[in-house]
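Trainee: Let us go through the labels on this model one by one. I want each of them set against its definition.

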Amino acid sequence: MNKRKLKKAIKRITNLPKGKYLFLYTTNKIRHFYLKGMKSKEVAYPSTIMLELTNRCNLACTTCPREYDYGRAMDKGNMSLESAKKIIDEVWPYLDSIGLTGMGETFLYKEINEIVNYIKKKNKGIIISVSTNAVLPNFIEKVTDLLGKIDTIQVSIDGLEDTYEKIRKKSDFKILDKNLRTLSKLAKNTGTDIMLNMVVTKENYKHMPLLIKYAKEIEVKYMDFTLFNLASVTEIEQSYYAFYQSVEFQKIIKELEDTIKNTPEVLVTERNFKTDNSFQKCPFPWTHFYICWDGFVPPCCAKPFPKELNFGNVFNSKVIDILNSNSYKEFRTLWFKNTPPKFCDKCHFIDIEPIKTTANNVYSK
């Protein structure tokens with residue numbers, strides 16, 4: 001467990017719910033481990049969920065599923081404040097953490113402050129995270145009131161300068177740079193961590209070590225890398241993944257490893273360069289359940305498109321009933337058989353070969 005996660009765990013443990021809610025929380029944990037030990041297809045109430053408050057966005061990034069066929073076909077909108085509160089009312093006694101981000105830009109949701117405050121009133125120990133592109137007009141004004149309340153603000157940054165702008169279309173690196181420098185200063189000593197996240201592609205992979213240096217320069221402590229997931233990217237073939245085995249990529253991984261060792265000020269919290277080819281490596285049938293803005297529950301955050309597949313709607317049923325619906329249990333049966341459904345085609349949990357490199361460890365500090 002890295003230092004950041006340890007800090008969050010301590011915060012959670014020291015702020016567990018009280019009274020009858022502690023009883024509910026504890027018995028649910030016991031039920032979770034019992035069901036897991038029994039290899040049941042049922043689940044307890046989730047300890048973490050992803051709540052998509054909006055799937056609207058101000059950018060058009062080449063790495064984003066919303067820019068391909070599934071995303072183009074999806075309905076777009078915002079979750080009502082009342083609906084979001086109803087979901088939180090059901091699940092909060094059992095939660096350790098909640099993500100308030102989905103296919104959209106979190107800070108386009110006008111009631112984000114009210115939702116964060118509502119969660120904190122329920123229990124101040126619930127860890128809240130959001131993801132943002134950090135280039136909305138008046139972004140700093142929008143985020144300032146939430147510093148100290150949100151635990152992690154993850155900022156998407158797929159490269160620097162021109163490379164960034166080629167991937168994150170409709171954006172402007174100068175605006176991002178200015179906002180990041182301001183945000184990192186404002187967030188100091190507030191309890192809110194700022195993390196940079198890069199989706200690694202053929203177009204930007206050479207920027208991985210550069211981003212470590214950039215994070216140090218702007219005093220952002222955490223950095224995260226992830227491989228490009230093609231599950232929803234209909235215009236790119238699975239053969240794209242072969243690039244991650246190339247000599248060129250291996251050289252940059254070595255350079256990245258050296259940069260990490262020489263830059264202790266920046267902690268790389270995760271990078272899944274070493275992945276195993278297996279449906280059973282996917283955690284999403286069991287955790288990090290995703291609730292779309294319109295109430296539907298799809299299988300995962302990599303392909304959160306209800307028209308393609310969903311297990312029900314939380315506006316019509318309880319969250320726990322959907323998670324233990326027959327269709328969801330059938331999906332988990334496939335997981336136990338290690339037989340991925342067609343829905344999962346091209347997902348990097350399944351279809352990417354392990355990247356064999358001297359730098360394939362997950363860095364935890």
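Mentor: The axes of helix α4 (residues 81–91) and helix α5 (residues 112–122) come within 11 Å and cross at roughly 20°. This is a predicted model, where local features need pLDDT of at least 70, side-chain atom pairs count only at pLDDT 80 or more, and totals for chains, interfaces and linings use all residues. Residues are numbered from 1 along each chain as its sequence is written, and side-chain values use heavy atoms, with hydrogens and water left out.

Trainee: Why is α4 called roughly parallel to α5?

Mentor: Angles under 35 degrees count as roughly parallel, over 145 as roughly antiparallel, 65 to 115 as roughly perpendicular and the rest as oblique. The axes cross at roughly 20°, so α4 is roughly parallel to α5.

Trainee: Which residues make the contact of α4 with α5?

Mentor: Leu81, Ala84, Lys85, Ile88 and Asp89 of α4, with Glu114, Ile115, Tyr118, Ile119 and Lys122 of α5. Contact means heavy atoms within 4.5 Å. These residues divide into six nonpolar, no polar and four charged. Ala, Val, Leu, Ile, Met, Phe, Trp, Tyr, Cys and Pro count as nonpolar, Asp, Glu, Lys and Arg as charged, and the others, Gly among them, as polar.

Trainee: What makes α9 roughly parallel to α10?

Mentor: The axes of α9 (residues 208–217) and α10 (residues 247–261) come within 8 Å and cross at roughly 20°. That angle makes α9 roughly parallel to α10. Their contact divides into eight nonpolar, one polar and two charged residues.

Trainee: Why is Arg12 called buried?

Mentor: Buried means under 20% relative accessible area, exposed over 50%, partly exposed in between (1.4 Å probe, protein chains only). Arg12 has a relative accessible area of 5%, so Arg12 is buried. Arg12 is found in helix α1 (residues 3–13). Beyond four places in sequence, Arg12 touches Pro17, Tyr25, Leu95, Asp96, Asn123, Gly125 and Ile126.

Trainee: How do you know that Cys292 counts as buried?

Mentor: Cys292 has 1% relative accessibility, so Cys292 counts as buried. Cys292 sits in the loop between β10 (289–291) and α11 (319–323). Cys292 and Asn310 are 18 residues apart in sequence and 9.9 Å apart in space, C-alpha to C-alpha.

Trainee: Which residues have the most contacts inside the largest nonpolar core?

Mentor: Leu51, Leu100, Ile157, Met208, Phe225, Tyr244 and Phe249, in a core of 110 residues. A nonpolar core is a set of buried Ala, Val, Leu, Ile, Met, Phe, Trp, Tyr and Cys residues joined through side-chain atoms within 4.5 Å.

Key
Helices (H or I, at least four residues) and strands (E, at least two) are DSSP runs, numbered from the N terminus. Axes are lines fitted to C-alpha atoms, for helices over the stretch in contact, and angles run from 0 to 180 degrees between N-to-C directions.
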